[in-house]
Every structure is written in structure tokens, then in C-alpha cells.
Amino acid sequence: GCSTSLQKNVPEDMVFIPEGPFTMGYAIENNNEWGDMDEDPVHEVILSPYWMDKYEVTSSDFAKFLNSNQGAAPRFIEITPNVTVEYVDGKYRPRIGLENLPVNRVSWYGADAYCQWKGKRLPTEQEWEKAARGEEGLIYPWGNEWSLDKSNNPYKNSTGTEPVGSYPEGRSPYGLFDISGNVWEWVDSHYLPHPGNPVTRAEY
């Protein structure tokens, strides 16, 4: 999904994330041995207010964007039989029956260009994490206890993606859908370990 700075009018299908601090990162020394090394240390981040898309980008919406940018489209998406968008008779379109599924196999350049086409931008890593976990840094968008039925995850569904917004009980504290499960999402930030963490990209 996309993000944008504070606006006077509420954008369609976007949610407001208020100004202020939030807890970023995850303490990997825990009884469950959850987390990756570059998620430590937990630290406070203060953000300005912003808006974020409530839903993932659907194949229908992304097909419209591709048809408006056909010359660059091969940089934006990899069309394979498992992708929810197809190219037929010189036009991009959602595969039949998959119109409301999230678009997949999108490159970073495609995600970035789509957001600009919509008059928005990709969120930063910090913005995405606050929108996903709230101010208190929840483990999951819905809380700190795992629930099999609050997201499209491989333990529940091994057949692929599902229509966006299918799990209302799995919304984040700010009301974003599918923050956990369905498809991975891009942010505008380059990868860096969290402040104070000695792990670097070269060590992976």
C-alpha cells in the first residue's frame, strides 16, 4: 500500500496515523526465540502524522496503472502464471476471478511508481511498522497472542492469496487490513540494521 502526508480531507480508503512516538523493533532474547538479529535493540521513534492505504493494492487497480504506463510495465511486474495480473491482446488485466486479490510479483520500482501515479508515496519502514504494530509495538497487528484465523497465513491456507480485507479481526490498531499475511509489501527505505545493532548487511 501507499502513504501520504497529512491532508485536510480524509483520502478514500486511507487511515490516519497520528503524530507521536512508537516502540520500534523486537527483543530477540525471549522464551519463544522469536525475531531476527537486526530487529534489536527496541527503541523509540517519533513520527509526524501521515495517512496509509487501508487495503493492499488489488490486481484490478494495478492493471489500470500498468495500462497507463505500458512502456515501463516490464520493470514494474513479472508476469507469470501465478501472478494475479495477465497481459492479453496488448492490455493488462486482472485474471478472471482474481480482481480483488492483491497484486503480486511487483518490483520495488513498480510499487514506487504506482504510489506516485496515485499522488502518494511508499511509506518509510518506520511508518509501516507503526501502522502495523501501534504505539506499543504489538507482536501481531491484532495483539500479542497468535491467532490462526486472523490472517491469510501458510498454516491456515497453503493455496495462495485471498481477497483483500478478508480478515477484519486481524486489523492493525489503526485499522489496516492484511498487514500480516497475504503478500509482502514494499517500503521506500533501504535496508539498515536498527540503531545500536552491530549486524550489517555484509554479515548476512
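## Pro 173 and its neighbours

Two residues are in contact when they have heavy atoms within 4.5 Å of each other. Keep that in mind as you look at this predicted model. Leaving out residues up to four places away in sequence, Pro 173 touches Ala 131, Ala 132, Arg 133, Gly 134, Leu 138 and Pro 141.

You'll find Pro 173 in the segment after helix H4 (125-133). Its C-alpha atom is 9.8 Å from that of Glu 136, a residue 37 places away along the chain.

## A three-stranded sheet

Now for the strands. Three of them make an open sheet, in the order E1-E5-E2, with antiparallel pairing. Strand E1 (3-5) and strand E2 (14-17) sit at the edges, each pairing on one side only. From one strand to the next, the twist averages 25°.

Zoom in on E2 and E5: these antiparallel strands are joined by four bridges. Here Val 15 stands opposite Met 52 in E5. Helix H4 packs on the sheet and touches E1, E2 and E5, its direction making about 70° with that of E5.

## Glu 56, a buried charge

Glu 56 lies in the loop between strand E5 (50-53) and helix H1 (59-68). This residue is buried but has no salt bridge. How far away is the nearest side chain of opposite charge? That's Arg 171, at 13 Å.

What Glu 56 does have is a polar contact, side chain to side chain, with Asn 182 (2.9 Å). Among the other residues Glu 56 touches are Pro 102, Val 164 and Asp 178.

Technical notes. Residues numbered from 1 in each chain as written. Predicted model: local features only at pLDDT ≥ 70, side-chain atom pairs only at ≥ 80, totals over all residues. Heavy atoms only, no water. Helix = DSSP H or I, 4+ residues; strand = E, 2+ residues; numbered from the N terminus. Buried < 20%, exposed > 50% of the residue type's maximum accessible area, 1.4 Å probe, protein only. Lys, Arg positive; Asp, Glu negative; His and termini not counted. Salt bridge = Lys/Arg side-chain N within 4 Å of Asp/Glu carboxyl O. Polar contact = N/O pair within 3.5 Å; in protein donor to acceptor, adjacent residues only side chain to side chain. Pairing = 2+ DSSP bridges. Axes fitted to C-alpha atoms, helices over the stretch in contact; angles between N-to-C directions.
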